[in-house]
Amino acid sequence: MNVEAHDRRFIVLMLAPIFLFLVFFYGYPTALNLYYSLTDLSLLGMKEGGTYVGLEHYADLLTSKDFYRTLWNTLFWLTGVSVVIRLVLGLGLALLLNSATLKRYRLTTISRLLLLVPWATPPIVAVVVWRWLLDGRQGMINKFLMNIGVIDEPVAFLANVNTVWPALITIIVWNTLPLVTLTFLAGLQSVPDELHEAAEMDGAGPIHRFFHVTLPHLMPSIVIMGLLLVFWTFNNFIYVWLATGAGPGLFTNVLATDIYIKGFVDFHLGYSSAVGMVMAGIMAIFGVIYFRLVALREFKDVL
Amino acid sequence: MASVFTRNKEGGGHAIRRNPYATVALLVLTFLVWIFLVFPVVWILIGSVRTSETLFSTTSFDFTLDHYKTIFRAGFGRFIANSLFVCLIAVVISTVISVMASYVFSRKRFRGKRWLFGSVILGQMFPWIILVTPLFVLFAKIGFLNSYIGLIASYVAISIPFSVYLLVGYLESVPRELDEAATMDGCTQFQTLWTIVFPVMLPGVVATATYSFLLMWTEFLFALAFLTRTNLKTMPLGLVQFFGEQNVDWGAVMAASAVTTLPALMIFLPLQSKLAGGLTAGAVKG
Amino acid sequence: MAKLELRNVTKKYGSFTALDNINVDIAHREFVVIVGPSGCGKSTLLRSIAGLEQISAGEIVVGEQAVHRVPASKRGLAMVFQNYALYPHKTVAQNMGFALKIAGVPKAEIDQRVNEAARILQIEPLLDRKPKALSGGQRQRVAMGRAIVREPKVFLFDEPLSNLDAALRVDMRVELAKLHNTLDATMIYVTHDQTEAMTMADKIVVLRAGRIEQVGAPMELYHYPASAFVAGFIGSPRMNIVPATVEAVSDSAVTVKLRDGTMIDVPVEAGQTRKGDGVSFGVRPEHLALDTTGTSSAFEITVQVVEPLGGETILFGNTSTGETIVVKTPGEVAVTIGDKVKVAPSQPMCHIFDSDENALKQRARGLNGRKVQ
């Protein structure tokens with residue numbers, strides 16, 4: 001066997017498993033999902049299957065006020081606000097941990113170790129403990145706020161439309177901020193000292209140095225981290241579902257919970273699949289951005 | 001890869017003027033951050049060892065291990081064993097498949113590579129929730145419901161994209177000359193991968209496997225859909241079972257939470273620097 | 001006898017031709033250096049010989065066997081990589097013996113051959129260390145040891161000294177030359193450093209954009225460069241090459257006129273060149289001398305930089321028409337920046353390149369160079 005044929009066989013063998021997984025766990029289910037979205041399939045009538053209804057579900061979606069609110073919740077609150085907050089806080093915290101003051105008092109290492117605590121906490125546990133902390137009757141935070149006199153009577157943080165999104169975002173931020181912080185910290189520590197020293201020799205103050213040395217150096221990390229957070233949060237089901245069950249009412253309903261509610265609570269699999277396709281479509285747009293912005297650059301030797 | 005943590009500028013050259021107020025402010029801020037980070041978990045631990053009577057009291061505290069006894073009597077040990085079984089098998093399969101694919105993606109040129117590699121890494125942003133219904137239907141047909149085969153395969157599928165993304169990033173930092181030297185030394189391509197490249201990329205493999213494990217360890221949706229028999233349920237289902245209904249047994253929930261968090265924390269402690277550094281290492285270097 | 005022949009070797013990447021019809025014969029025991037600027041295809045050529053790249057056309061023959069379709073490890077070649085490519089998780093001894101282990105050689109024989117190579121390279125105390133614990137020079141030796149252990153028909157070196165500091169590079173150069181003698185082996189060595197080529201090679205292959213520009217012994221290339229490219233590449237400091245026009249053609253010489261009007265007779269054969277043609281005039285810095293006697297072929301330069309090196313002095317100056325001229329004179333000279341000095345070329349050592357940059361043929365002159373075998 002000549003070298004090229006040998007090579008071809010090796011490539012095929014090594015890629016066969018991943019190819020099969022792509023086909024059976026991504027391609028086939030997506031196609032099936034697309035098909036379901038064009039039928040009135042019900043969870044109760046799985047055996048009979050659904051009848052073809054064309055684009056009816058999509059037409060319903062696009063004219064439904066509820067759907068637009070769900071979309072807004074997903075894009076603005078769940079994803080937009082929480083990602084921006086994590087990037088900003090993550091950067092701030094990384095700078096704090098990397099500051100001369102913390103190093104002088106030897107607090108950097110212990111801070112890093114403490115960051116592991118929320119990070120290692122499984123999201124389910126994070127939701128559970130924060131639900132307890134934020135509980136309207138017996139929650140620690142209510143007791144604390146009442147004791148110091150900020151509020152007079154307990155607030156049901158996760159059941160009040162004014163506080164439910166901030167509370168949800170607090171849970172998400174608490175759980176995932178450490179990863180963001182540690183990633184940025186790794187980036188900060190890879191800024192060459194000479195760059196800072198050169199900027200200092202050029203008379204740049206700390207603020208100047210941050211914007212002209214530190215931030216540009218971190219930019220690739222920030223972009224990648226931001227996009228990863230967008231994917232992870234946009235598609236996330238359990239934070240919202242376990243913390244509020246999409247409530248109060250459907251006030252915090254997002255696309256992922258909508259799919260679950262429409263499909264497994266209302267048994268409307270056809271409609272639920274249509275929501276799923278919209279979700280996949282939005283992610284596909286982000287996918288293109290990701291591919292252009294990150295993958296083509298980061299993997300330029302591979303692609 | 002770990003080299004980003006080797007430098008240590010003690011004291012730092014930049015804080016020549018030490019403003020005492022700024023220093024105090026920074027230290028207070030740091031302290032507040034610590035409380036924010038750690039308090040919830042401390043609260044779990046405290047809550048898990050207080051008697052139900054004093055659980056919500058701000059003044060009294062009675063120590064007890066009853067909650068732990070409760071959850072293990074309710075079969076939580078079984079859930080953990082199930083989770084470990086499913087996750088460990090899935091992690092091994094996922095990692096081996098990802099290493100194989102990443103190696104080819106990183107080292108070989110072939111037609112359709114851009115398309116295939118692109119598909120794999122774009123899988124990172126795939127909304128898995130839309131897989132639930134079709135896979136449920138599929139598994140029902142072929143008898144994979146209430147079977148770990150379906151769950152393990154699903155877990156392998158969802159962890160592959162991120163694993164490949166990380167591993168290809170790591171592989172790019174392993175010099176190609178190493179493979180070539182192995183080729184010159186007479187290794188077959190399989191030998192090159194497993195005896196030369198794999199040992200060299202092992203730190204990356206460990207970090208990748210850890211991410212996969214954590215993803216699976218806390219996965220809820222697929223488990224919920226595919227496992228209905230109690231003795232098969234995994235840990236996240238078991239945990240939710242304690243607080244899903246009207247009356248939440250907070251003590252049991254906290255005990256279960258503590259038991260759930262502990263293994264993850266134990267994996268994290270030794271690996272922390274590799275985990276955070278690797279995520280965007282490719283980007284920083286590039 | 002391990003001779004190596006390249007016959008019409010061509011390598012294409014899509015529409016890009018990396019190697020274009022390369023023909024070289026390398027005799028047994030010969031030390032051949034392939035030089036050229038980065039991107040000229042020299043590494044591709046070496047990797048094609050090694051079997052790490054598949055050639056698109058042509059033949060590679062080692063000994064009597066055509067090997068271009070044979071897997072890399074079966075070609076009987078060993079390669080020393082630029083970054084050494086030592087296996088970081090194996091000890092020095094394991095690194096050196098790995099190829100033999102893969103080939104199924106008995107352990108006792110592996111040990112014996114590893115020890116022998118270690119003795120030759122004087123790295124016996126390092127055998128149990130991991131590559132991380134070695135200095136750059138030590139890694140370099142281990143990389144060579146790994147090649148030696150395999151007792152290959154031909155050694156391939158891919159810029160092996162480029163990661164070493166200057167002093168170490170000189171030492172290793174000498175050691176490599178010694179090793180070549182000790183091992184009685186054929187060696188092919190790729191570099192972009194003309195000094196390495198000149199000092200080590202029996203034969204130099206100059207590559208440019210995937211084509212062979214010239215093949216020959218170092219002194220042959222130095223004295224008879226076939227083109228302006230080779231002339232500029234071989235020799236340090238670089239040859240001065242300035243524009244000129246052909247003023248007269250005779251049986252014994254071609255007379256060129258520099259842009260400042262200086263007339264110089266160069267003893268070359270005119271070939272197709274006619275009076276009035278635009279050509280390039282080339283003379284090496286060491287073949288220019290400060291002139292005080294009013295030689296007619298001397299021209300004036302304004303000194304810009306003086307580099308006194310003790311044993312010799314290098315002057316950088318401009319002609320009145322703005323061309324940069326470098327002069328290398330023995331000993332120290334009393335010249336300072338801004339001085340106008342006359343320099344005279346040693347006419348037999350001058351070169352003329354036609355408009356295609358090809359050298360006009362030199363007339364016979366005495367030289368101490370070696371002939372190509």
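**Exercise 1.** From the N terminus on, how do the elements of chain B run?

*Solution.* Start with the ground rules. This is a predicted model, in which local features need pLDDT of at least 70, side-chain atom pairs count only at pLDDT 80 or more, and totals for chains, interfaces and linings use all residues. Residues are numbered from 1 along each chain as its sequence is written, while chains are lettered from A and ligands numbered from 1 in the order in which they are written.

Next, the terms. Helices (H or I, at least four residues) and strands (E, at least two) are DSSP runs, numbered from the N terminus. Now read along chain B. The order is α-α-α-α-α-α-α-α-α-α-α-α-α. That gives 13 helices and zero strands.

**Exercise 2.** State what percentage of chain B is buried.

*Solution.* Take the cut-offs. A residue is buried if 20 or more other C-beta atoms lie within 10 Å of its own, exposed if 12 or fewer, and partly exposed in between; C-beta atoms are placed from the backbone. Chain B has 286 residues, and 51% of them are buried.

**Exercise 3.** Describe the contact between chains A and B.

*Solution.* Two residues are in contact if their C-beta atoms, placed from the backbone, lie within 7 Å. Chain A brings 86 residues and chain B brings 85 residues. On the side of chain A that touches chain B, helix α1 (residues 3–37) of chain A gives the most, with 15 residues. Sort that side by type: 62 residues are nonpolar, 16 polar and eight charged. Here Ala, Val, Leu, Ile, Met, Phe, Trp, Tyr, Cys and Pro count as nonpolar, Asp, Glu, Lys and Arg as charged, and the others, Gly among them, as polar.

**Exercise 4.** Explain why helix α6 (residues 123–133) of chain A is largely enclosed.

*Solution.* Count its buried residues. The result is 11 of the 11, so the rest of the structure largely encloses α6(A). Among them are Trp130(A), Arg131(A) and Trp132(A).
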